[in-house]
Amino acid sequence: MRTATQTSPLHPALAGLALSGALAWAAMSLGNIGWLQDHGFSALTVAIVLGIVLGNTIYPRLGASCGEGVRFSKQTLLRAGIILYGFRLTFQDIAHVGLAGVVIDAAMLLSTFGLAWLVGTKVLKLDRDAALLIGAGSSICGAAAVMATEPVLRARSEQVTVAVSTVVIFGSLAIFLYPLLHTLQAEPAWGLRLPDFGVYIGSTVHEVAQVLAAARSIDQHTADVAVITKMVRVMMLAPFLLMLSMKAAPTTSGHQHQHQHNKLSIPWFAFAFIGVVVFNSFFPLPAALNQLLLQADTLMLAMAMAALGLSTHLSALRSAGIKPMILGAVLFAWLVVGGALVNGALGRLLA
């Protein structure tokens, strides 16, 4: 006969899933508001904000009953969401931006992430995981990249939240800056005529939603090219995670066994992500089914972001200090200025 103690673990899981799901549903609903869409605030961004608000008010009193489900959302649903993210991409996207777009994307990813590691760990003396998470978010695809990198590094919740915050702040700034730069490049003082401004936006702005918001302020052609370029950049997430798992295995604390120090953390979900992209490239699903899967993907990622917010304490964010934002600002400056130089040089060379 089963006792209450044997059945009780089911209840925290269901309660936590319900709470994460409710926040995700609210975030997805708010994400449909025109003003938020126009300013590049996706459902994922709204979800983490809602999670942080509840996580620092009423959630501490619910933690005992919701903890299991919140952890499941933050870990298992995150991986599932990253896998389904592959249904947004195809190898045919690469053909639309050409060799120049692919090379520019790769150059910006590697240079931005390398700069994050160098400045973050060597100059600012940040914790390695915090610097790498900020670098991943800035160099690839914003919050989704931060969340995908977290299982590889096994980073702390507050580190992930700080990294996502840099994406929100500087990516939002980019929405207003890039249309202004497009106007300025026509002036002689700009001194650099970019071959395709859409490629520039797609290869340097953090989030997909922010790319769309910035490019749509210019014209439809720029928006189309920018989104495709961004999708190619997102496709680089899987090989990035595989390389990171080999080069930056999680560090261990002193009480753990030494033989675990160099244990390789293989992001198996990255292989599944690649498999979904391959499948979607050669065996596209019916539009209705594809749309259903994308909605499920958004829900899973929003639940993961909400769960992250619920488990984040503002006191931990305050203790992180100003250094993470300084690193985010340095990377943003490189994306804008260095990105223009890279786009100008490689765009002309490979045209």
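## Two helices in contact

In helix α10, Phe197, Gly198, Val199, Ile201, Gly202, Ser203 and Thr204 meet Thr222, Val225, Ala226, Thr229, Lys230 and Arg233 of helix α12; contact here means heavy atoms within 4.5 Å. Helices are DSSP runs (H or I, at least four residues), numbered from the N terminus. By class, this contact has five nonpolar, six polar and two charged residues. Gly counts as polar, while Lys and Arg count as charged.

This is a predicted model, where local features need pLDDT of at least 70 and side-chain atom pairs count only at pLDDT 80 or more, while totals for chains, interfaces and linings use all residues. Residues are numbered from 1 along each chain as its sequence is written, and side-chain values use heavy atoms, leaving out hydrogens and water.

## Aromatic partners

How many aromatic pairs does the structure hold? There are six, a pair being rings of Phe, Tyr or Trp (its six-membered ring) with centres within 6.5 Å (planes under 30 degrees apart are stacked, over 60 edge-to-face, the rest tilted). Phe113 and Phe240 form an edge-to-face pair, 4.9 Å centre to centre with 85 degrees between the planes. Phe113 belongs to helix α6 (residues 92-123) and Phe240 to helix α13 (residues 237-247), so their pair ties together parts that are 127 residues apart in sequence.

Phe113 and Phe240 are both buried (under 20% relative accessible area; exposed is over 50%, partly exposed in between, with a 1.4 Å probe and protein chains only). Tyr178, Phe197 and Tyr200 make up one aromatic cluster.

## Cysteines

Searching the whole structure gives zero disulfides, meaning pairs of cysteine sulfur atoms within 2.5 Å. Cys66 is buried at 6% relative accessible area, and Cys141 is buried at 2%.
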